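Work through the exercises below with the model open beside you. Try each task before reading its solution.

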Amino acid sequence: MGKTLQSIVATALAVLPLANAQQPGTSTPEVHPQLATWKCTTNGGCVQQNTSVVLDWNYRWIHTASGTSCTTSSGIDKTLCPDQTTCSKNCLIEGADYTAAGVTTSGSTLTMRQYMKGSNGVTSSVSPRIYLLGSDDNYVMLKLLGQEFSFDVDLSTLPCGENGALYLSEMDATGGRNSNNLGGAKYGSGYCDAQCPVQTWTNGTLNTNGSGYCCNEMDILEANSRANGFTPHPCANNNCDKSGCGYNPYSSGYTNYYGPGLTVDTSKPFTVVTRFVTNDGTTTGSLTQIQRYYIQNGKTIPSAAPGGDIITANGCSSAASFGGLAGMGQALGRGMVLAFSIWNDAGGNMNWLDSGSNGPCSATEGNPSNILANNPDTHVVFSNIRWGDIGSTAQTSGGGSQSSSSSSIKTSTSTKTSTSTKSSSTLSTSTKTTSTVPATTTKPSGATQTHWGQCGGQGWNGPTACAAPYACQTQNAWYAQCL
């Protein structure tokens with residue numbers, strides 16, 4: 001996802017008012033679209049969280065009290081913003097019109113659009129980027145070490161060249177809120193990623209020395225209907241593994257696995273499950289594997305690779321100077337912010353994701369002008385976001401033949417029904433609902449490994465016994481797995 005930052009901001013700011021200030025304004029109220037999410041445990045089921053989404057700081061109108069923009073065609077107005085403190089006093093940041101920015105929510109469903117038609121009838125790229133926000137106006141800090149994360153996604157309208165992304169960034173929980181940045185996370189400040197982007201603002205205050213802002217990044221999904229990948233980008237000493245050590249089924253040789261009508265049929269919605277497995281099966285151990293599997297039509301889909309779609313510590317040896325997979329795990333243990341984006345790539349047509357050895361698209365198919373001409377309604381839909389104990393968030397049917405079962409979701413929420421800045425109404429609820437919730441596997445205890453976890457191989461010093469009913473099966477001399 002780090003490859004996206006400069007192109008996202010350049011594209012978005014070309015069509016939206018520039019965002020470059022600290023203090024909240026009053027012209028447009030900031031009304032966050034509510035998005036239901038769930039935190040799960042193997043013993044207690046899934047409990048709904050009081051969460052919403054917030055649009056990135058850089059997509060907002062920044063102006064003086066008299067309405068003068070604090071930016072010019074060439075960037076920040078240095079007369080109004082010669083330094084952080086003066087800029088904070090002179091400039092205001094406004095709330096967002098989320099619908100115009102291509103973002104809508106309904107219950108647990110989030111839709112993000114690449115293009116929107118303006119009041120003048122002209123269709124423009126809006127390319128939104130948003131973050132998961134808690135009820136305290138701080139970002140939700142997901143601690144996923146030794147845990148799993150699952151969600152449903154519909155990528156059917158994303159052609160070659162598009163990227164619907166869901167990822168984690170080790171941003172500050174408050175968005176860098178301070179005396180010069182009173183809005184903080186409530187206004188989407190504080191973005192950073194493994195590409196160490198040089199931005200006008202660092203944690204919502206003026207970046208006066210042109211420095212990059214690096215932080216750990218875990219790309220859980222970067223995808224369109226033709227190709228996908230998941231990639232850890234660990235960081236150390238103010239530098240990061242920018243390329244990452246990711247897994248893409250197509251580039252791994254499984255060219256008929258993912259796409260419309262294929263094993264993972266992207267013409268229809270499906271569930272993505274990602275597990276962050278530690279050496280000892282706990283939430284404090286060392287990250288040794290990132291495991292991926294998919295569910296569609298109530299059945300677990302067999303992995304592309306015989307041994308599973310897995311990123312291992314050995315496979316991330318190229319990232320050793322940045323802390324490797326263990327370093328990524330430490331960031332997951334501290335807590336990371338969930339980010340969503342949709343974007344296309346005018347500079348490279350997204351070839352790094354879906355062309356050549358990475359996917360079936362031609363080198364020119366992903367040109368944004370082609371996308372606008374042929375797929376102006378391109379959008380991505382994320383829904384049913386859950387995180388928690390391994391085995392608690394998604395149905396695991398083993399061989400892929402068992403259907404999902406229904407059980408109760410515990411909910412206690414207060415949600416807003418409006419996703420527009422123009423009007424809002426509040427609906428308080430406290431309900432117990434029945435929904436399709438994944439069955440759970442046995443929670444690890446002591447030296448017992450969970451389903452899909454590593455249980456043997458040369459150099460392995462973690463658990464060798466598997467939770468019932470799974471057995472440790474040797475895949476090769478270096479790897480055995482609970483299956």
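**Exercise 1: a covered strand**

Strand β20 (residues 228–233) is mostly covered, with 6 of its 6 residues buried. Buried means under 20% relative accessible area, exposed over 50%, partly exposed in between (1.4 Å probe, protein chains only). Strands (E, at least two residues) are DSSP runs, numbered from the N terminus. This is a predicted model: local features need pLDDT of at least 70, side-chain atom pairs count only at pLDDT 80 or more, and totals for chains, interfaces and linings use all residues. Residues are numbered from 1 along each chain as its sequence is written, and side-chain values use heavy atoms, with hydrogens and water left out.

Task: find which residues point each way from β20.

Solution. Step 1: N228, F230 and P232 point one way. Step 2: G229, T231 and H233 point the other way. Step 3: all are buried.

**Exercise 2: its partner**

Task: state in which sense β19 and β20 pair.

Solution. Step 1: β19 spans residues 217–223 and pairs with β20 in the antiparallel sense over 5 bridges. Pairing requires at least two DSSP bridges between the strands. Step 2: a hairpin of 4 residues joins β19 to β20. Step 3: D219 stands opposite T231 in β20.

**Exercise 3: R113**

Task: is R113 buried or partly exposed?

Solution. Step 1: locate R113 in strand β10 (residues 109–113). Step 2: R113 counts as partly exposed because its relative accessibility is 27%. Step 3: R113 and H379 are 266 residues apart in sequence, yet 4.3 Å apart in space, C-alpha to C-alpha.
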